[in-house]
Amino acid sequence: MKNIALVVFDMAGTTVDEDNVVYKTVCKAICEEGYDVNLEQTLIHGAGKEKLQAIKDILQACTTEKEVDQQANLIFKNFKKHLEDAYTIFPVKTFDGMEDFFKVLRNHDIKVVLNTGYDAKTANKLLDKLNWRVGITIDGLITADDVKEGRPSPAMIELAMKQFNIEDAQQVLKAGDSIIDIQEGKNANCGMVVGVLTGAQNRALLETAEPTMIVETLVELQDVLV
């Protein structure tokens with residue numbers, strides 16, 4: 001068992017139960033521009049990524065569009081407005097036992113950081129709806145706005161390590177519900193990289209990225225970590 005000092009958990013689909021509203025909203029925004037894209041395609045090609053990049057990748061993979069940048073920027077602008085409206089009315093909640101799990105980890109001197117492909121405004125809106133506070137519920141939050149490169153770049157994990165003076169990535173566990181989360185953790189050379197089945201992608205997809213382990217829910221890691 002590795003000596004884990006820092007956990008970096010994805011938000012939507014991993015710690016936050018929002019019923020894939022973000023990817024449903026991405027899909028809606030793309031289809032509004034006349035493309036025929038479904039939710040399954042959106043999850044396969046967009047899950048876990050910074051959302052503008054996700055839209056570009058979906059357009060490239062699922063449509064005949066060749067020059068995607070202009071269309072992606074338009075779709076992204078509409079997506080942000082749709083998502084703000086959705087999160088205003090949508091009953092966002094946590095997965096069972098999440099806050100107690102955070103508390104147990106922090107009581108065992110394991111830092112808890114959330115990271116996300118969302119921008120800071122969206123991520124903080126989620127935290128506000130859940131009444132989660134940095135320094136009280138969790139130790140840190142890192143968003144797509146905090147780094148130059150999104151997942152699968154290790155930049156967000158490396159920033160979390162820097163914030164808490166952790167030099168050895170083998171002391172870090174990364175967990176998320178998408179292949180891109182697993183790739184991010186591997187690129188950061190994390191000691192443990194965990195796939196979670198509560199969100200965007202199923203076991204068969206996650207297994208293709210070869211994580212350290214796959215769990216049904218994040219709180220199962222309590223038995224592994226403490």
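Predicted model: local features only at pLDDT ≥ 70, side-chain atom pairs only at ≥ 80, totals over all residues.
Residues are numbered from 1 along each chain as its sequence is written, and side-chain values use heavy atoms, with hydrogens and water left out.

Begin by selecting residues 6–18 + 92–224 as domain 1 and residues 21–89 as domain 2, bounds that come from an automatic or database domain assignment. Their C-alpha centres lie 23 Å apart, and the contact (heavy atoms within 4.5 Å) takes 17 residues from domain 1 and 16 residues from domain 2.

Next, look at the interface, where the two domains bury about 1,400 Å², 58% of it on carbon and sulfur atoms; buried area is the accessible area (1.4 Å probe) that two parts lose on being put together, summed over both.

Now select Lys-121 and Glu-84, whose side chains meet in a salt bridge at 3.6 Å, N to O, the term meaning a side-chain nitrogen of Lys or Arg within 4 Å of a carboxyl oxygen of Asp or Glu. Across this interface of domain 1 and domain 2, the rule finds one salt bridge.

Finally, move to Asp-223, which is exposed, with a relative accessible area of 70% (exposed means over 50%, buried under 20%, partly exposed in between, with a 1.4 Å probe and protein chains only). From its C-alpha atom to that of Ile-44, 179 residues apart along the chain, the separation is 30 Å.
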